[in-house]
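Trainee: Can we go through this one together? I would like to start with the charged side chains.

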Amino acid sequence: MTTSAGWYLRRLSAMGPREVGGRVGDAVRRRRWRSGLPGRPAVTGARFTAVLPAGALDAVAPDAAKRLVAEADRLMAGHAEYFGVERDDLADPDWCHDPKTGRRAPWGYAFDVPYRSEDAVGDIKQIWELSRHQYLTVLAAAYALTGDERYAERVAAHLRSWWAANAPLRGVHWISGIELGIRLLSWVWVRRLLEGWPGAAGLFEDNPVALDQIWHHQRWLAAFPSRGSSANNHIIAEAAGQFAAACAFGWFPGSARWRDDALRSLERHLRSNTFGSGLNRELATEYHGLVLELGLAAVAEADAAAVPVPATVRLVLLRMTDALAAIVDGRLRPPRQGDADDGHGLVVDGAGTDRWGSLLATGDAVFGRLDWWPSVTGTDVRTPLLAALIRPGAPAVTRPAHRPAHFADAGMTILRGPAEIWCRCDGGPHGFLSIAAHAHADALSVEVRHDGVDVLADPGTFCYHGQPEWRRYFRSTLGHNTLELDGGDQSGSGGPFLWTRHARSRVLVADTSGEGVARWCAEHDGYQGSVHRRRVELSAETRELRVVDEVRGPRRSARLAFHLGPAIAAELVDHRAVLTWTRDGEDRSAVLDLPGQLSWRAHRGESDPPLGWYSPGFGRKVPATTLVGTGFADGAVPPGEFITVLRFQG
């Protein structure tokens with residue numbers, strides 16, 4: 001996929017004057033940097049002091065350590081899986097090769113590499129992911145826990161290989177600030193976890209090549225921060241990585257300035273990226289997790305280096321943690337809202353470690369859990385390591401006395417019923433900033449689970465680059481549990497990370513306080529000339545979820561979609577679908593009565609056009625049943641209503 005002139009015009013229209021000026025300055029700087037690189041300032045007497053406190057590793061639970069070592073051994077054998085692609089080349093990887101397409105990113109001046117073109121470069125996510133070096137933090141953690149020098153030697157070999165193959169400003173790994181920021185954070189933790197290995201200092205502080213790489217990474221981040229309409233999770237990763245490196249690798253004349261500037265940026269953008277309620281403003285749950293991980297890692301570096309942190313930083317992280325505890329279901333799964341690309345801030349755990357349980361465990365260790373928090377029974381490696389560095393204690397603020405269910409600023413409402421019925425209702429803004437890069441056209445969508453099983457599912461994300469028809473589908477209105485009019489999306493897309501027209505939603509009712517029936521109602525104006533209003537009621541007594549859709553405006557063609565989770569089997573007869581699934585060896589069932597005014601069909605695993613899919617993770621998709629009703633929405637007075645009723649059995 002190549003980037004058209006039209007896209008550039010649409011992208012430019014989403015910027016303000018200050019951002020345009022900043023990007024012009026960036027362009028000038030890139031041209032100037034093409035002519036050559038400055039030499040790194042001399043470094044003498046560098047020592048790494050940001051080590052783990054004595055006894056920190058002893059706090060790691062044996063089962064968490066076992067999972068980590070198993071993952072490390074798999075990596076040592078050369079095996080890993082990224083975004084649905086199994087790799088067996090990790091013993092000696094080609095850092096610019098995409099195993100998915102077989103293409104290799106071209107060499108040359110970094111800012112000349114057409115990274116958005118899969119034809120020229122390959123799948124950029126596949127290429128970039130390995131070079132975040134988060135698999136090296138896993139290997140380094142395995143060394144720290146076992147003392148087995150094979151892990152340390154593999155880490156050293158791969159770092160030396162990467163540094164040799166990726167000279168500053170050459171090639172695909174010097175294009176994106178988020179990649180440089182996360183890579184720096186990984187290097188800090190690699191060095192920390194290799195403490196005690198005889199070769200650690202020779203790999204880092206006594207190694208001129210490592211010093212060159214660290215210095216040029218930080219110089220790059222100081223010069224090219226994400227700006228304006230792009231100042232989302234990317235700027236936080238950039239600031240967190242810059243801050244971590246300036247604290248732990250503070251060996252350069254510019255380290256203090258980089259540290260202070262990065263901390264100011266981190267504080268500012270943590271606040272701007274987070275609602276007062278604690279939810280991330282991108283309204284993409286996985287980015288809530290990414291930002292929270294990055295923020296906690298940055299605070300760990302600050303406390304390890306005795307660098308004072310503004311109180312607002314810990315306050316935002318506290319609110320984010322409480323918000324996460326509030327929105328997860330009974331199995332500690334959060335909503336599947338907006339984009340998700342499996343991105344992590346710091347990885348020191350093996351496969352099978354629950355990401356969200358890990359974050360809540362860290363929140364408990366750092367801030368203290370509240371009585372209404374869900375229980376976390378799993379273990380992880382990261383929590384005791386972060387807790388050993390972070391000064392414990394919650395900011396002196398009032399925290400929620402009861403589990404919040406309605407987040408007015410984010411437009412998210414969680415309805416809960418018996419037998420772990422969980423329902424997310426979406427009446428919030430269309431993403432964050434003018435481009436709303438990670439938003440989906442999902443206004444008024446619902447997501448319903450029963451004991452952690454997706455019944456009415458958000459299908460997910462699947463891909464970013466290279467497959468535009470799939471990117472459009474997974475972001476589309478039809479790709480969510482909501483109503484589409486006239487065959488178009490509620491919001492207008494100008495590109496894979498650009499929305500040019502945003503539907504405006506507002507919540508009219510959010511009553512979650514009653515013991516009998518929880519109610520929610522919201523509307524949006526995404527379809528010009530019409531207003532879509534949806535009411536949702538969840539009855540605790542009858543275990544019944546009632547969804548009523550109403551359209552005010554002229555008569556228009558309509559499609560109402562309900563996406564079932566991949567575990568759900570459906571038998572559709574006329575306007576009724578019988579749903580069955582198994583959970584922990586027990587058969588479960590529900591009946592879905594659909595609006596009789598519409599003609600209903602079941603779709604599963606269709607590709608032309610895409611319909612009937614569920615993405616369990618980035619780069620992966622599996623067939624799942626989607627029920628689509630077609631007909632007309634008649635806005636005559638009184639307005640017509642589409643009534644859907646989901647009844648859980650037993």
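Mentor: Arg 259 has a relative accessible area of 25%, so Arg 259 is partly exposed (buried is under 20%, exposed over 50%, partly exposed in between, with a 1.4 Å probe and protein chains only). This is a predicted model, where local features need pLDDT of at least 70, side-chain atom pairs count only at pLDDT 80 or more, and totals for chains, interfaces and linings use all residues. Residues are numbered from 1 along each chain as its sequence is written, and side-chain values use heavy atoms, leaving out hydrogens and water.

Trainee: Which residue forms a salt bridge with Arg 259?

Mentor: Asp 260, with the closest N and O atoms 3.2 Å apart. A salt bridge is a side-chain nitrogen of Lys or Arg within 4 Å of a carboxyl oxygen of Asp or Glu. Asp 260 is partly exposed too, at 32% relative accessibility.

Trainee: How many salt bridges does the structure hold?

Mentor: There are 55. Another one joins Glu 586 and Arg 588, at 3.6 Å. Glu 586 is partly exposed at 48%, whereas Arg 588 is buried at 18%.

Trainee: New topic. What does Arg 219 touch?

Mentor: Trp 33, Leu 37, Pro 38 and Trp 258, leaving aside residues up to four places away in sequence; contact means heavy atoms within 4.5 Å.

Trainee: Is Arg 219 buried or exposed?

Mentor: Buried, yet without a salt bridge. The nearest side chain of opposite charge, Asp 212, is 11 Å away. Lys and Arg count as positive, Asp and Glu as negative, and His and the chain ends are not counted.
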